[in-house]
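Here are my notes on the model you sent.

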Amino acid sequence: MLVPVTGLPRASLGRVLEELGTTLLDVVCGDVRLTRDVGGVVIHDPLDEPALPENALVMGVGLADPADIARVVTQLGRHGAAGLVVRAPVVPDERLVAAARESGVAVLSFARGASWTHLTGMLKALTSENGLYGADTHTLGRIRSGDLFAVANAIAALLDAPVTIEDRNSRLLAFSSRQEDTDPSRIQTILGRQVPEHYTRILEERGVFQAIYRSDRPVFVAPLPETGDASRPPELPRAAIAVRAGDEILGTIWVVVPEPLNEERSQALYEASKLVAMHMVWQRADTDMERRLRAELLSTALESGPGSPEAVRRLGLKDEPAVVLALTVVGSTSEHPLPAQLATERKRLADAFAMHLSAVHPRAAAALIGDVAYGILPLPQDRQDAEERAVWIASEFLARVGSRLRPLVGVGQLATDSSALARSRSGAERALRVLRSGLAGRQVALLDEVHAEALLLEMADLVPRGDIPSGAVARIVAYDRENQSSLVETLRAWLDAFGDVAVASAAMYVHPNTFRYRLRRAAEVGRIDLKDPDARLSAMLQLRLMSIRSAPEG
């Protein structure tokens, strides 16, 4: 039965160490028993003053020298952080031990060879608040829905053996304690959050996956063949079972055991697979619900209406200066993706965008609304380069993320408080529209950088299509069409060069005298007085709007 519960606490550092074990994390110094529940996971940036959530667990990427670590620990103590994670090995000196004791910040070491990204993801999963912005959550068999680490530990206790839970692509979702007693392949799986490729290849060649997917009972998997390396511990056998939701295979459970399971333990693992399936389905449903709720809250916050302050609060933001960013993807010129492919890619990029912004600032918020992922990025108002920094952050994201399609990011103006978010959103959308049109020739733009192009696009919206071209320009266009001449290009080149015949003729690769003749002919055909500034402005605007409309938006 599903029992609604609320108010479950966040995870403490003690629970984090208990769940992840010594395979990934170990205590360098400080007393984890004295630390409070972790309020968030952030990455240390040595170039910026930290903006930390309460009781933060900080990823000290790049910190190695004990003196530097001690300095950061002292700094984090002033901001109320709970712990600092640094890459192993770290030998604590007296200064580091004293800094940890005086600041109350525990120092943990992170195993070499493992990914910071994977560790951050696991820590966020373990330390996130139970429930979404105050919404109820559920327990399944007295374990929180989606808490696969707790489920893995429960199965391990039931079978007295270390357990991993993996998805269909052999990506690690959760693991139990006691993994240090397993073999190298299992350790590599935990460090890399992915089963090693050579292991999965052998399993596929042996038909192990097919056997697991065909059976609803555990399948005994013999150990891998010896590698010939006497120093390498031998691989151990396993029992595995598919996790199913109806006819859909959600993943697998793997248990390190010395021999095939007896009937009693086999039945226990079978029953456990049903529980894991329920958790995985709930986890997927919770993720979809979280996306929908976050999108609704973000949309309300960006409207700057009566409900905006409450939405800002529920998103974990403050009434502080921020910049709105708008991200979308369009098909490249070489391929035309299906709508379903575009939708999938937008969702994937939106998730990556949210993670990227949260790494930059712990209170950043992002969500996919329609076909655009919006982000609210808090930035200090006293920074003269706040908007330029937002552009740099967006450019960094596009440089890191891989996509077959063409991601674009529009950046709005700095909003001094939450009431100005609507204006910043409008600016981001206007910049994004220019990027989609191709007028800017780039992938990231601040509105101030493409303001003229944005105005031209909005002007084109106001003029009915049948009204452009008209008058003199329409007559010149008709003449070119009938006579296969280039009077329109001549007039455009002259206007773009501010009447400088030498520059305009060079742009068209013709002799100045030839250019002057064509220009006189254009004035005669169009019956336009090129000395009249209003006539020149009208012609220039029409020619620009014609070029905009001839290039459809992405």
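How many bridges join strand β4 to β5, and do the strands run parallel or antiparallel? The points below start there.

1. Strand β4 (residues 56-59) and β5 are joined by 3 bridges, and the two strands run parallel. Note that this is a predicted model.

2. On to the pairing of β5 with strand β6 (residues 106-110). These strands are also parallel, with 5 bridges between them. Here L84 has V107 as its bridge partner in β6. The unit formed by β5, helix α3 (residues 94-103) and β6 is a β-α-β unit, again right-handed.

3. Why is strand β5 largely enclosed by the rest of the structure? Of its 5 residues (83-87), 5 are buried, so the rest of the structure largely encloses the strand. The burial holds on both faces. G83, V85 and R87 are buried on one side; L84 and V86 are buried on the other.

4. Now the charged side chains. Side chains of opposite charge can pair when their charged atoms come close. The count of salt bridges in this model is 14. Three of them are taken up below.

5. D68 and R71 form a salt bridge, with the closest N and O atoms 4.0 Å apart. The cut-off is within 4 Å. Both residues sit in helix α2 (residues 66-78), 3 residues apart, so about one helical turn separates them. D68 is partly exposed at 33% relative accessibility. R71 is partly exposed too, at 46%.

6. E345 pairs with R348 in a salt bridge, and their closest N and O atoms lie 2.9 Å apart. The spacing is 3 residues within helix α11 (residues 339-360), which means a separation of about one helical turn. Is E345 buried or exposed? E345 is buried, with a relative accessible area of 13%. R348 is partly exposed at 37%.

7. The salt bridge between E458 and R430 has its closest N and O atoms 2.6 Å apart. E458 is partly exposed, at 27% relative accessible area. R430 is partly exposed as well, at 22%.

Methods. Residues are numbered from 1 along each chain as its sequence is written. This is a predicted model: local features need pLDDT of at least 70, side-chain atom pairs count only at pLDDT 80 or more; totals for chains, interfaces and linings use all residues. Side-chain values use heavy atoms; hydrogens and water are left out. A salt bridge is a side-chain nitrogen of Lys or Arg within 4 Å of a carboxyl oxygen of Asp or Glu. Helices (H or I, at least four residues) and strands (E, at least two) are DSSP runs, numbered from the N terminus. Buried means under 20% relative accessible area, exposed over 50%, partly exposed in between (1.4 Å probe, protein chains only). Two strands pair if DSSP finds at least two bridges between them. A crossover is right-handed if, with the strands pointing away from the viewer, the path from the first strand over the helix to the second runs clockwise.
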